[in-house]
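Dear colleague,

Please find the structure below, together with its sequence. My notes on the findings follow directly after it.

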Amino acid sequence: MAEMQVQTEPPSIGKASAELQPNPAAPAPAPAKAQSEAAVPAAQQKRGPSIHQIYALPAPIRTFPLPAFYPNNPISLVHVAYAWLGQVFRPPPAEPAVIHQGVWSETTISVHIKDEKSMRALWEQGFYGKGNLSRSEPNWLKREQVQRGLQEVHVSEIFTQQRREERAQAKWERARLEQEVILQTRLEEERLAAEKAKVVPDSTPTFVAPVGPLELLALPNSAVVVSRLESILKPLLLLAPVGPLQLLALPNSAADLARLGKVNASKANESSSPHGSSTEDSEEPRTPITNETPEIFRDDRSVISSSDGAGNKTLKRRKSVRFSPTVESATYKASDPPSPNRSPPVSYSKPSQANGNGNATSQTLPSLPLASVPVSDPIINKEHLQLTPEEAFFLSFGLGVLEVCDPASGRVLSRQELFSLFRQYSYFPPRNGPDEPDLEPDDGFLVHYAVYHHFRSLGWVPRGGIKFGVDWLLYTRGPVFDHAEFGLIVIPSYSDAWWKKQGKKGPRKPWSWLHSVVRVLSHVTKSLVLIYVDVPPPHKFEEGLKKGITEAMKLYKIREVMVKRWSSNRNR
Amino acid sequence: MESTKLIRIANISGRYLVFDPDAVSALRRQANTNGTLVGTTPQQPTQNIFLGLPIELRPEEVDALIRTNVAYVVDDVAAHQSALQSLDPDSRRAYVSSLRLRKQAAQKVFAEINAHKASITASKKNKNKEARDDSSAVPSTDLGTADSGALKPDGNPSPRNSQVTLLGVTPTSSINHVSPDAHALPVEPRNSEKGSLCQHMLGSGYFMTPGLRFGSRYSVYPGDPLRFHAHFMANEYGWEEEIPILDIVGGGRLATAVKKAFLIGGRKPSASPDMVTSPVRTFSIEWAGM
C-alpha cells in the first residue's frame, strides 16, 4: 500500500532528483556552471560523451546543493560559507529556469514539442515523450544523416532494421534449403516413377512433373482452385499420392473428401492456373476449405499493414517462400510482390513504409508543413516530440517546466484547463461537447496519471507500454541504460463504500487475458505488476477538486501486486 | 460411418459429458469435436495427461452439435432417477437379484484374493520357520487356509479378467434401464450470439481445443490436433463489444511468437429472429515487427 504524494505548484526540488542532492534541505543558490550544455545535442559530435554524461540529470530542473561540511575539516566550512555567500549575492535563476513550450494536438491526443532544444532537453532529462518519426528517442535527423553518409554514429533504429533484414535473409535461406530438399525427393520419386512407367507401357500423354520453383508455386493452393481447375482440365491419369505435396494435399476430413473426389496429381499446369492463388507456401499442409470461407485463408498469412490497405488489394505481403527467376535478385524487398512473375505489375501510389526508408517515411506524413525539400539541401529536422497527456501534465503540474498552448488561439492553457482537457479526451469519443455526460473520478486520465505520478515521484521512469500489451513499462533509470523490468497494468478499484452501494465493479477479465499478458511479458523477461488504483467516490472527489488538483489527486490510493510464477524448483 | 445415429450427450450438473467411446470417435471423425478427457478415479486422481473417458464438451460446442443435428442432450440425472423409480415389479425384482448376484460374486472374488494372499504369506512364513526348524506354526497356517477355503463355496473360481466388471458393483447403476433418448432436453434455439465463432469454425472444418495456455479461448487447428499444430488463437467478441487495444496487441504479439495468428471474430446480431443469421466475421492479426 503506497499513498500517492502530490507536489504543490512550483516545486524547486523534484522528488525524482533526490539522488542528485546530498543535502535536500539546501535549495540555496550556487554558481550555475555547465548546466546549459546538457540541452545541446551532444550526441552530434563524432565521439559523443558517454551516456552517463548525456543523461546525468534525472529531471528537467536544476538543484544547487551546498558543498558538504566536514566537522573535522575546518576548511570545508570556508567552502560552504563561500558557496552560500555566492548564492546569496548572485542567486541562480529561479527554478524552473527553462519553461518548455508545447502545443496540444487534438488528433493525436498528445502534446507536441517542436523546439529542438526542448525536445533534446525533455528526452535527456527524464526520458519524456517520443519522437514522432522514431521508435522512442527523437533521432530522425541523426538517422537521416547516417543514411546519407554524413555521420558515423550508432542509431538504434538502423541497427534494428539491419538485424531484421539479416533475420529475414536467414529465414529465406532456410526456406530455400527446405524447398531444395523437397525438390530432391520429388526428382527421386519422379525417377522411380519413370522406371516403373517403363515397365508398364502407357498411352497417356507425356506427364511433366512440376519441378521448377515456378511450377511448384503454380500448384493449386486450395480445394476451391482445384475444383475450378477440374472443370478445365480433364483428369489425365490417376496416380497414387506419393510425393509430400500430394500427401499433404490429401483431404483431412470426410467433408472435403466428398468434395475433392478424385484429385489428380498432375494438375500443375502453369499456364492454366489463375494467378494470385499460388503465392502461398506450397509446402503448407492442405486444409479443408469450404466454398464460403476462402477469405479466411487469404487473411491467414497476410500482414496487416496500413500503407497498402485500400488502394491495391493484389499487393499483399505473405510469409511465403519467394523464388527469384534469376540468381542476381536473390534478395528481395518488402514491397516486392510475393512471387515476381505471378502478380500483375502494381503501380505504387505511395512509397511503402515497410522498407523503413526514412526518406519515404517522412514524405508520407501529411502533418508536417515542410515536405518538399530537395535531397541535396541541408536536412531540416521534421521531427517533433510527442508527450502523452500523463507526461505533459506531470511536466506542467508536477514540475512546472511545461506550458501547453491551444493550437487554434495560441493561448497558454492553465493547469485547470489542461486537467479537464486531458480528462475529456481520455474518453472515446471525447466528452468535450455541451451535452456529453459529466466527467467521472474514474476516467482513464485520472487513474493513469495517479499511477504515473506515483512512480515518477519514486524515481522510476514510466513509459508507455503498448508494444508489450501493458499500460506502462517501468525503467529504473531510463531506456538507454537498461531494459524495463516491469510491465504495469492499471486496474481501477472501487473499494469505497459508496461505490459498493452503487454496485460498481472493476473490469472483469477472463483468465485467458491474464495468461496472455503474463506470457507476453515473460517472453521479454519482464514481470507483471497489477496496479490497483482506489478511486474516490464522486462527491469526495468534487470536494477535493474545489480545493485544487492536489487535494483531489491525494484521494487516489495505489496498491501494487506483482504477479510472478512460483516454481518449486527454482525458489528453493 | 453411421452418420444417422445421433450422439448422446449427458448433461450432469451443468457439464456436457460423452461416455460412449464409439460416440467419442464419431465426434472426432465426423464433427470436428475432440472434447477434453476428464475421467479419472475419484480415489486416486491422475495427472491430466492420463485422464480417460468421459470427454467433456464446451457449451458452445454442444450448441453447434445440436444445431448441425449431430447430437442431442440428455438430462442424465433426471433420466437416471426416473428409470430407477419407475421400474415395474418384475424388472425391479430382476434388478435387485442381479445386484445381489453381483454382490455375491464380488464377495467371492475378494475372499479368493484374501485366501490367495494368506496362502502366500503362510508359505513364506513356512519357509522361514522351516529354515529355523520350528514346526509349531505350520498347523495354524493350514487352519487359516482351510478356513478361507471353507468360506469359498463350491464351484469354479471366476476367471481373473472378469474381476474388473464383477467388482464394479454400483448399487444405484441404472445403465441397463435407461433408454438412450429418455429425458432428452428440448432443442431450444439460442438467440445469443455467444458461441457463434466456435460454431463457425467447426462448420468450416476446424478443430478447436481450449486455448488457455496461449492466452485465448480457443486454439484452432486445421485438422485433427494429433496431426497438426494450431494455426490460430481465437477469441470471440460480441458485435458491439469494445475490444481493448492492449488485448489486440498482446494477443497478436503472443500468437506470432508461437507461430500462430491471433483470430478474433463475432456475429452481427440479426435484427429479427426469423431472419437468416448474418455470417460470422473473422479477422486475423499478426505482429509484423518481429
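In chain B of this predicted model, the axes of helix α2 (residues 59-67) and helix α7 (residues 196-203) come within 9 Å and cross at roughly 55 degrees. Axes here are lines fitted to C-alpha atoms, for helices over the stretch in contact, and angles run from 0 to 180 degrees between N-to-C directions. Helices (H or I, at least four residues) and strands (E, at least two) are DSSP runs, numbered from the N terminus. The crossing of α2(B) with α7(B) is right-handed, that is, the near helix is turned clockwise from the far one by less than a right angle.

On the α2(B) side, B:Glu60, B:Glu61, B:Asp63, B:Ala64 and B:Arg67 take part, and they meet B:Cys198, B:Gln199 and B:Leu202 of α7(B). Two residues are in contact if their C-beta atoms, placed from the backbone, lie within 7 Å. By class, this contact has four charged, three nonpolar and one polar residue. Ala, Val, Leu, Ile, Met, Phe, Trp, Tyr, Cys and Pro count as nonpolar, Asp, Glu, Lys and Arg as charged, and the others, Gly among them, as polar.

Helix α2(B) also lies across β1, β2, β4 and β5 of chain B, at about 120 degrees to β5(B). The open sheet in chain B has five strands in the order β3-β4-β2-β1-β5, with mixed pairing; two strands pair if DSSP finds at least two bridges between them. Strands β3 (36-39) and β5 (71-75) of chain B are at the edges with a single partner strand each, so one side of each has no neighbour in the sheet. From one strand to the next, the twist averages 40 degrees. Strand β3(B) runs antiparallel to β4(B) (residues 52-57), joined by three bridges, and B:Thr36 has B:Glu56 as its bridge partner. Helix α1 (residues 21-30) of chain B packs on the sheet as well, touching β1, β2 and β4, and its direction makes about 110 degrees with that of β1(B).

Turning to chain A, the secondary structure comes to 18 helices and eleven strands. Strand β10 (residues 527-534) of chain A runs parallel to β9 (residues 486-493), with eight bridges, and pairs with β11 (residues 557-563) in the antiparallel sense over seven bridges. A:Tyr532 is the bridge partner of A:Ile491 and stands opposite A:Arg559 in β11(A).

A:Pro96 lies in the loop between α2 (74-89) and β2 (100-105) of chain A. A:Pro96 is buried, with 20 other C-beta atoms within 10 Å; a residue is buried if 20 or more such atoms lie within that distance, exposed if 12 or fewer, and partly exposed in between. Its C-alpha atom is separated by 5.9 Å from that of A:Val401, 305 residues apart along the chain.

On conventions, residues are numbered from 1 along each chain as its sequence is written, while chains are lettered from A and ligands numbered from 1 in the order in which they are written. As the model is predicted, local features need pLDDT of at least 70 and side-chain atom pairs count only at pLDDT 80 or more, whereas totals for chains, interfaces and linings use all residues.

With kind regards
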